[in-house]
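Please look at the sequence and the model shown below before reading on. The report then walks through a few of its parts in turn.

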Amino acid sequence: MEDAEEEQRRRLKLEEALEIQSLRRIISAYLNYPDAADEDVRRYERSFRKLPPAHKALLSHYPLKFQRLRRCISLNSHFIFSMLQAFEPPLDMSQDIDLSEDQHPEYAQNDHLFREGIDSCSCESAPLRITCSVSNRHGCVESNNDSCRSSVLVHPNEATVTSSQQQWLDPSFQLNVPLVDVDKVRCIIRNIVRDWAVEGQKERDQCYKPILEELNLLFPNRSEESPPACLVPGAGLGRLALDISSLGFICQGNEFSYYMMICSSFILNHCQTVGEWTIYPWIHSNCNSLSDSDQLRPVTIPDIHPASAGITEGFSMCGGDFVEVYSDPGQKGSWDAVVTCFFIDTAHNIVEYIEVISNILKDGGVWINLGPLLYHFADTYGQDEMSIELSLEDVKRIALHYGFEFEKERTVETTYTTNPKSMMQNRYFAAFWTMRKKATAAQQQVP
């Protein structure tokens, strides 16, 4: 018995150490953003200096452009550092951790979790703050469940951060991270436009508006005393979940990515006015720009004040792996609606996603989905990652097997974190459907 308890303690300690290491890596990626971005500018300058004098003369405005780029990077960095200063880590980031194979031989078996920055551990409930990594290929991871870190929206004036909470930002705790990690930070900046800027309204109208209209139609007589409950897995930076809450639903967003959750926590809990921050999301690519002014144009955020958005009591964001969190027996039959937007193709096993969605919906509950099938783990060559990549036809067949019946289905043309002024526009023809879960007695038994 003592051996079993010791093994459990050892496992939990390893999981906590993995999570701290993952979070340090993600925070380091944010902190490395200004240096990595400035290195890009230095590369542009080196290329410019190699030009023949006659060609340089034709581009005499370029030195000024480089200055402007550095100012844009500085303002992006100011937003990022303010966001990190407001972040309250869910764990003691200052503690020493030892993940050597001598101390933790099982770490070698879990190394892929660190590489991806995945929070795989069971997370104790933590009120009032978003806290929980794997990036979403399209853009670039309040519950009683022990696998969820939870957060509810609070008024910015209620949020306080003490200086002791910032010790984990000390350079001694930072890691050297690959540039691909910093690319995820740039991806987050583009996602901010999609969810929290006026410039992202067109994309939100393409992706979120059909979902909101469908919820409004399916639940016409929502009760203020007992609002319907809606879950949004893959909630990203939280705008869709917030908008659903503002419609009169008890809404919970679920997100796996610390990159996303650190940023969404800041916007939801700490932004005090509309247009409080200015960012420059399009400066990191010189390709397909109509003009320097387009590339260097500012974007103000947020376009609404989240705390004044008329949210329904009970709005929350839950951090953790969707399958791990919502496979908990207490989640069975808990939700009136599940909304998935650009989410189901993030699965290792999409069949498991569909099974969990069916299990957590009430009889008669609805599943609204919008998105493509750009499977997240399809390109993880040499890493032996499980990736089940079904056609849309097979996805629908599996859904029918798990007790769903189609009510509506159509295709929605949309973009994802696309620069609306770019010469290149990648478009998806996304599947949009409403399915309803049949009564349990009418469902086929899973073999």
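What follows describes the chain as a whole, then its ring pairs, a pair of strands and a cavity.

The model is a predicted one, and its protein chain has a secondary structure of 13 helices and 10 strands. Of the 447 residues in the protein chain, 54% count as buried. The accessible surface of the protein chain comes to about 20300 Å², and 50% of that surface belongs to carbon and sulfur atoms.

**Aromatic rings**

A search of the whole structure finds 17 aromatic pairs. One of them joins Phe 48 and Tyr 62, whose planes lie at 25°, which is under the 30 degrees that stacking requires, so the pair is stacked. This pair links distant parts of the chain, since Phe 48 belongs to helix H2 and Tyr 62 to helix H4, 14 residues apart. Tyr 62 also pairs with Phe 66, and here the planes lie at 80°, which is over 60 degrees, so the pair is edge-to-face. Tyr 62 and Phe 66 are both in helix H4, four residues apart, or about one turn of the helix. The two pairs are set out below.

| Ring pair | Distance between centres | Angle between planes | Class |
|---|---|---|---|
| Phe 48 and Tyr 62 | 6.0 Å | 25° | stacked |
| Tyr 62 and Phe 66 | 5.7 Å | 80° | edge-to-face |

Are these residues buried or exposed? Phe 48 counts as buried because its relative accessibility is 13%, under the cut-off of 20%. Phe 66, at 5% relative accessibility, counts as buried too, whereas Tyr 62 is partly exposed, with a relative accessible area of 25%. Elsewhere, ring pairs link Phe 322, Tyr 326, Phe 343 and Tyr 353 into a cluster.

**Strands S3 and S6**

Strand S3 (residues 250-255) and strand S6 run parallel and are joined by four bridges, and Glu 255 has Gly 319 as its bridge partner in S6. Strand S6 (residues 316-319) is covered on both faces, with Ser 316 and Cys 318 buried on one side and Met 317 and Gly 319 buried on the other.

**A cavity**

Rolling a probe the size of a water molecule over the atoms shows where empty space is left. The second largest cavity has a volume of about 40 Å³, and its lining includes Ala 37, Tyr 44, Leu 69 and His 284. Helix H2 (33-49) and helix H4 (62-86) each supply at least two residues of this lining, and H2 gives the most, with four residues. By class, the lining of the second largest cavity has six nonpolar residues, one polar and one charged.

Definitions and conventions. Residues numbered from 1 in each chain as written. Predicted model: local features only at pLDDT ≥ 70, side-chain atom pairs only at ≥ 80, totals over all residues. Heavy atoms only, no water. Buried < 20%, exposed > 50% of the residue type's maximum accessible area, 1.4 Å probe, protein only. Pairing = 2+ DSSP bridges. 1 Å grid on protein atoms, 1.4 Å probe; cavity = no way out; pocket = protein on both sides within 12 Å on 5 of 7 lines; lining within 4 Å. Points joined across faces, edges and corners; volume = space filled by probe spheres on them. Nonpolar A, V, L, I, M, F, W, Y, C, P; charged D, E, K, R; others polar. Areas by Shrake-Rupley, 256 points an atom, 1.4 Å probe, with all protein chains shown as cover. Phe/Tyr/Trp six-rings, centres within 6.5 Å; stacked < 30°, edge-to-face > 60°.
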